[in-house]
Amino acid sequence: MKTRSSARGEPRRLGNAALLALMLCSVVALSLIRGRFAPIGDAIKSEDDAAAAALSVSKAAVNVDTGDSADEAAAEAAAEEKEKEEVQPKPADSSGSGSGGSAAKPVCYETSRRSDTCEAAGDVRVVGSTQTVYVDSLDREWKTKPYCRKHDNFALAHVKEWSLKPLPSGAAPQCTVNSSATAFVLSTGGFTGNPFHDYTDVLIPAFITAHPLRGEVQFLVSSYKSWWMNRYIQIFQQMSRHEVVDIDADDEVRCYRSVVVGATFHRELGVDASKSPPGYSTADFRKMLRDAFGLERATATPSGDRWDIRRRPRLLIISRRPSRGRAFMNERAMADMAASLGFDVRIGEPDTSTDTSKFARLVNSCDVMVGVHGAGLTNMVFLPAGAVVVQVVPYGRLEWLARNTFAEPSAGMEVHYLEYVVQLDETTLSEQYPSDHPVLRDPMAIHKQGWNALKTTYLDKQNVRPHLGRLKNTFLQALKMLPHGRDD
């Protein structure tokens with residue numbers, strides 16, 4: 001029995017020892033596996049992180065490089081996002097050589113979705129007849145078109161290209177005119193001649209760029225138009241103490257210490273103070289306009305004299321000829337109705353022959369300005385703060401266009417904004433098309449045909465006849481926004 005019992009206990013002891021040995025071997029094996037393979041796991045993780053980072057950089061690069069070729073809707077949607085404080089380099093021109101320096105800010109860079117700007121300092125020599133700027137500090141060539149509509153190929157077709165090149169060591173052009181000012185090259189090609197584009201594409205961007213230079217800037221204007229410059233010369237004289245140069249026709253070699261080629265765009269008809277280092281804004285631009293044209297009223301405050309006619313609020317109707325489209329067909333009746341409400345009514349029709357200073361003074365004397373959507377409403381830049389602009393939006397689902405062009409800029413100008421949307425029975429289109437035509441029944445179908453179809457149909461061929469009752473309510477609303485008639 002004992003022997004039997006002794007025989008059964010011996011295998012049990014041997015089994016326990018084997019189990020302990022197996023556990024010990026497992027611990028050792030696991031330690032070896034961990035020591036050998038854990039570094040590989042870390043390396044794989046690091047490689048994955050690097051690949052993800054590279055993919056992120058690649059995507060960012062694609063966004064920068066293909067941004068200009070994106071469709072208009074995508075570009076506008078992207079523009080609504082807060083732009084990065086760090087500027088993005090402009091893609092290098094294929095004719096350039098060298099890197100241009102990887103650590104320093106590029107000579108030419110994107111300042112907004114609409115503008116590229118080039119900046120350089122040193123020995124700067126401008127040869128306007130060839131649209132070339134030579135700079136001794138450059139090590140490669142850069143090219144740009146100095147007009148704030150870089151996404152619009154049609155506009156840029158009317159803008160000359162400028163080159164910034166390294167100053168040649170042997171045959172450098174010799175200076176014939178020297179200046180201590182900063183040279184500022186910009187173009188008045190593109191869509192200039194239309195007041196909205198004059199201010200949005202040229203004048204306000206020029207102010208944004210030149211204002212920090214405090215007058216020590218010389219405008220070198222490419223695609224110069226004498227009639228255009230005569231219209232706005234007072235503005236340029238406010239921004240600079242130096243003469244404006246028709247640079248394409250200039251035979252001089254003009255030498256400077258620094259140069260800027262291309263202005264900076266912020267927004268339609270406005271200055272974004274958050275993007276301006278000194279914090280200047282649209283209000284500063286409007287003050288500059290008042291100084292340029294001798295405008296007396298900074299605010300829409302009435303005269304303190306109760307018997308002064310200026311205690312009556314003045315309303316300006318922006319008139320258009322019916323042949324141009326978007327004209328008021330009952331303009332006289334509108335004026336009579338406004339007068340019955342107590343307005344001192346004026347009617348003005350600005351065009352290319354209008355004296356800008358004279359019309360600016362008329363607008364500045366007014367408290368309310370009303371007009372159908374169009375370039376004439378750009379004159380709101382001259383209204384005093386606290387005034388009211390009434391935009392009459394033509395029939396055709398054009399509220400988005402009205403909002404982008406004049407509604408949104410009004411806030412920066414400190415001007416109240418009201419909108420009157422034309423209904424089907426107020427448009428002359430109802431006299432041109434049958435009632436079941438898509439132009440009247442489905443405006444969005446016309447929108448889908450593209451900008452040219454939309455413009456031709458709803459902007460060029462349409463005149464309006466606002467209901468006097470509806471318009472009266474709008475004018476009464478405007479009247480309530482003004483300080484006129486209140487007791488002092």
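1. Contact is taken here as heavy atoms within 4.5 Å, and helices (H or I, at least four residues) and strands (E, at least two) are DSSP runs numbered from the N terminus. The model is a predicted one, in which local features need pLDDT of at least 70 and side-chain atom pairs count only at pLDDT 80 or more, while totals for chains, interfaces and linings use all residues. Residues are numbered from 1 along each chain as its sequence is written, and side-chain values use heavy atoms, with hydrogens and water left out.

2. In the contact between the two helices, Y199, L203, I204 and F207 of α4 meet D284, F285, M288 and L289 of α6. The residues of this contact divide into 7 nonpolar, no polar and 1 charged, where Ala, Val, Leu, Ile, Met, Phe, Trp, Tyr, Cys and Pro count as nonpolar, Asp, Glu, Lys and Arg as charged, and the others, Gly among them, as polar.

3. As for geometry, the axes of α4 (residues 195-210) and α6 (residues 282-293) come within 10 Å and cross at roughly 95°; these axes are lines fitted to C-alpha atoms, for helices over the stretch in contact, with angles running from 0 to 180 degrees between N-to-C directions. The two helices α4 and α6 are therefore roughly perpendicular to each other, given that angles under 35 degrees count as roughly parallel, over 145 as roughly antiparallel, 65 to 115 as roughly perpendicular and the rest as oblique.

4. Turning to the cysteines, the count comes to 2 disulfides, a disulfide being a pair of cysteine sulfur atoms within 2.5 Å. With the bonded cysteines of the protein chain numbered in sequence order, the pairing reads 1-2, 3-4.

5. Because C108 lies in strand β2 (residues 108-110) and C118 in strand β3 (residues 116-127), the pair ties together parts that are 10 residues apart in sequence.

6. Since C175 lies in the loop between β6 (162-166) and β7 (177-178) and C255 in strand β11 (residues 253-261), the pair ties together parts that are 80 residues apart in sequence. C175, at 32% relative accessibility, counts as partly exposed, whereas C255, at 4%, counts as buried.

How values were computed: Buried < 20%, exposed > 50% of the residue type's maximum accessible area, 1.4 Å probe, protein only.
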